[in-house]
Amino acid sequence: MARVALVTGGTRGIGAAVSTTLKDAGYAVAASYAGNDAAAARFSEETGIKAYKWDVADYDASKAGIAGVEADLGPVDVVVANAGITRDAPFHRMTPEQWRQVVDTNLTGVFNTIHPVWPGMRERKFGRVIVISSINGQKGQFGQVNYAATKAGDLGIVKSLAQEGARAGITANAICPGYIATEMVMAVPDKVREAIIGQIPAGRLGEPEEIARCVAFLASEDAQFINGSTLSANGAQFFV
Ligand code: CAA
């Protein structure tokens, strides 16, 4: 039977590419989204992948949403915690609300996504936890104290989960995309984005599919011994 994969934020940007790549690789895929009904409907129509609406920042909503996915498709074998937002501002202008929104979605949202599926993975002695972090969690970024803190936090989550899950056949890994051609990056002011591209030795933004293929590899049986690692895909912009 096909393995079941859940991708949060799975109807747009990197998440949409992950959802379709996993479907093409034979997984039964569920894509969650928070608010953009029109984009989710379009995504489902084009791909045949069902979209489920809940806010990852809300634990009870996540738990109920995931129960709905499991009722439809079966237990989740692969969870891709991808949902994330930016609320960029220089620190002296960053509001507590901008801090809170980003932490609630990008960091607590990762907990809320993994925690409900973890006991089942332990029981079945198989699981793949893949968290989409960011180059900016590795190097920091002007204007992103909130976002960089959450993306660095993702690395702590996977390194800890890797140790807890290894004996139960569960792996937990992070992917750190560099700047990828998505709506999130296109929302950065043109001048700033041009300057960023100038700092990427590859001379271009990455494509969402280039991250999706990293996810497919980490989800595969072949990646069983890769656990607690960080896979950077950033066109040589930053090395750790
Ligand atoms: N390093 C040093 N100084 C910088 C800087 C940088 N990277 N970026 C901006 N500044 C300076 C500017 O030169 C300017 O200085 P002067 O006033 O002396 O000219 C000052 O900071 C203010 O800059 P802005 O005019 O841009 O100020 P703003 O208030 O309009 O915007 C900002 C501030 C929101 C942080 C804006 O600069 C911005 O959006 N920056 C991009 C942040 C970024 O990279 N976000 C990534 C989004 S994509 C993503 O997050 C996905 C992922 O994982 C990679």
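How far is an oxygen atom of the ligand from an N or O atom in the side chain of glutamine 141? I looked this up in the predicted model and found 3.4 Å.

For tyrosine 147, I read 2.6 Å between an N or O atom of the side chain and an oxygen atom of the ligand. For aspartate 88, a polar side-chain atom sits 2.8 Å from a nitrogen atom of the ligand. I noted the ligand's area next: the ligand taken alone exposes 1100 Å², and the protein buries 56% of that.

**Shell.** I listed 19 residues surrounding the ligand, and Asp88, Arg93, Ser134, Tyr147 and Tyr179 are the closest. Sorted by class, the shell holds 10 nonpolar, seven polar and two charged residues. I looked for helices in the shell and noted that H8 (183-186) and H9 (190-198) each supply at least two residues.

**Cores.** I turned to the largest nonpolar core, which has 27 residues. Leu6, Val79, Ile114 and Val129 have the most contacts inside this core. Among the elements that each supply at least two of its residues, I noted strand S1 (4-7), helix H4 (96-114), strand S5 (127-132) and helix H7 (145-165). S6 gives the largest share of this core, four residues.

Leaving aside residues up to four places away in sequence, valine 79 touches Leu6, Thr113, Ile114, Val117, Met121, Arg128, Val129 and Ile130.

Technical notes: Residues numbered from 1 in each chain as written. Predicted model: local features only at pLDDT ≥ 70, side-chain atom pairs only at ≥ 80, totals over all residues. Heavy atoms only, no water. Near = heavy atom within 4 Å. Polar contact = N/O pair within 3.5 Å; in protein donor to acceptor, adjacent residues only side chain to side chain. Areas by Shrake-Rupley, 256 points an atom, 1.4 Å probe, with all protein chains shown as cover. Nonpolar A, V, L, I, M, F, W, Y, C, P; charged D, E, K, R; others polar. Core = buried A, V, L, I, M, F, W, Y, C linked by side-chain atoms within 4.5 Å. Buried < 20%, exposed > 50% of the residue type's maximum accessible area, 1.4 Å probe, protein only. Contact = heavy atoms within 4.5 Å.
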